[in-house]
Amino acid sequence: MFNKKILVTGAGSQLSKALEQMVKSYTDFNFDFKTKMHLDITDEKAIKHIFSQNSYDYCINTAAYTQVDRAETESKLAYDINAKAVGNLAKACNENNCTLIHISTDYVFDGKKNIPYTEIDQPNPINIYGKTKKAGEDQVLKFADKYYIIRTSWLYSGQDNDFYSKILDLSQNKNVLEVVNDQIGTPTSVYSLTEFLLSLLQNDPKQYGIYHFSNEGKASWYEFAKKILEFNDIKTKIIPVTSQRFKTPAQRPAFSVLDKSKVKEIFNFVPQNWKEALKLIIKNY
Ligand SMILES: NC(=O)c1ccc[n+]([C@@H]2O[C@H](COP(=O)([O-])OP(=O)(O)OC[C@H]3O[C@@H](n4cnc5c(N)ncnc54)[C@H](OP(=O)(O)O)[C@@H]3O)[C@@H](O)[C@H]2O)c1
């Protein structure tokens, strides 16, 4: 007999795929994974319908417009998915006594600090993606009573087209890799985030609010790439460059390390160091 029924939106996401892999052994949860094809979160009627047909205890929203550079020219679409649709989900959750777990981002911050961002620091996004994700958080705060907004950073899974896979691909095709060294954050394994979400579901403290979750430690993209090569025993040369070398449509925060004190205190959950999490991805997945 299942205790809790959980809707997961955006089931094609790297985060949802990790959840799907890891929940197989959790018999007390009944997960309902919905890809965009089966539940488009911008379709308000479809959201109302699915909530009328099911009694969900939790909704984990992993659906998002995540193309940071493309968002600069597709701002309406990014806003519709990352903000407007989140408002509809929040309303549906509230009307159906369902707790919303919404995933947000370190890119809500402008990166001007040089010590880790806490949940009481003021967001000030510097690109369209960050602005739409901040607007999504505002929708949750406005419409949901029972909610967790989990801000995370630099998510990777070791699969598909994530940073990890791109670095491995490039290392096969180039003699020298150039990677930016002036953006500092924390790489976060989707499996670490999944473990945290599962622990939240198992021991929900019902202390709703905004939480920061990433792996521990900090790195530049260059340092992250260097460890990906080193741990895979790849000898391709890699050199650090500044963001000026690779101009992108969207500006990125120079510093976006998240302070995890609140997660540690309220959930009694200590995130793994990013290098250990990276080794596990290489070993297990
Ligand atoms: N990736 C990162 O570095 C990072 C960092 C910080 C925070 N986050 C946040 O973490 C969450 C998960 O990120 P991720 O990297 O795992 O995502 P992802 O792999 O980019 O996947 C996003 C998913 O959302 C789906 N989607 C888009 N529009 C949708 C809609 N209207 N209805 C339903 N599904 C829709 C996409 O489907 P299609 O592919 O079919 O469009 C895709 O499967 C997101 O909220 C993201 O903002 C990510």
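## Helix 7 and its packing

The buried residues of helix 7 pack against helix 5 (163-173), strand 7 (176-180), strand 11 (219-220), strand 12 (237-241) and helix 9 (274-284). Contact here means that two C-beta atoms, placed from the backbone, lie within 7 Å. Helices (H or I, at least four residues) and strands (E, at least two) are DSSP runs, numbered from the N terminus. This is a predicted model, in which local features need pLDDT of at least 70 and side-chain atom pairs count only at pLDDT 80 or more, while totals for chains, interfaces and linings use all residues. Residue numbers start from 1 along each chain as its sequence is written.

Which residues of helix 7 are buried? In this helix, residues 221-231, they are Trp-221, Phe-224, Ala-225 and Ile-228. They cover an arc of only 95° around the axis, which puts them on the same side of helix 7; the arc is that of the directions from the helix axis to the C-beta atoms. A residue counts as buried if 20 or more other C-beta atoms lie within 10 Å of its own, as exposed if 12 or fewer do, and as partly exposed in between, with C-beta atoms placed from the backbone.

## Loops worth a look

Just after helix 7 comes Asp-233, with a positive phi of about 60° although it is not a glycine. Asp-233 sits in the loop between helix 7 and strand 12 and is exposed, with 7 other C-beta atoms within 10 Å. Asn-97 also has a positive phi, near 50°, and is a residue other than glycine. You will find Asn-97 in the loop between helix 3 (75-95) and strand 4; Asn-97 is exposed, with 11 other C-beta atoms within 10 Å.

Gly-217 belongs to the loop between strand 10 (209-212) and strand 11 and counts as partly exposed, having 16 C-beta neighbours inside 10 Å. Leaving aside neighbours within four places in sequence, Gly-217 is in contact with Thr-186, Asn-273, Trp-274 and Lys-275. Thr-27, in the loop between helix 1 and strand 2, counts as exposed with 10 C-beta neighbours inside 10 Å.

An open sheet of 6 strands has the order 2-1-3-4-5-10, with parallel pairing; two strands pair if DSSP finds at least two bridges between them. Strand 2 (29-34) and strand 10 stand at the edges, each with a single partner strand, so one side of each is left without a neighbour in the sheet. The twist averages 20° from one strand to the next.

Strand 5 (residues 147-152) pairs with strand 10 in the parallel sense over 4 bridges. The bridge partner of Arg-151 in strand 10 is His-212. Helix 4 (residues 128-143) lies across strand 4 and strand 5, running at about 160° to strand 4. For such angles, axes are lines fitted to C-alpha atoms, for helices over the stretch in contact, and values run from 0 to 180 degrees between N-to-C directions.

## Around the ligand

Of the 23 residues around the ligand, Gly-10, Gly-12, Ser-13, Ala-63 and Ala-64 come nearest. A residue is near the molecule if its C-beta atom, placed from the backbone, lies within 6 Å of it. Helix 1 (14-22) and strand 4 (99-105) each supply at least two residues of this shell.
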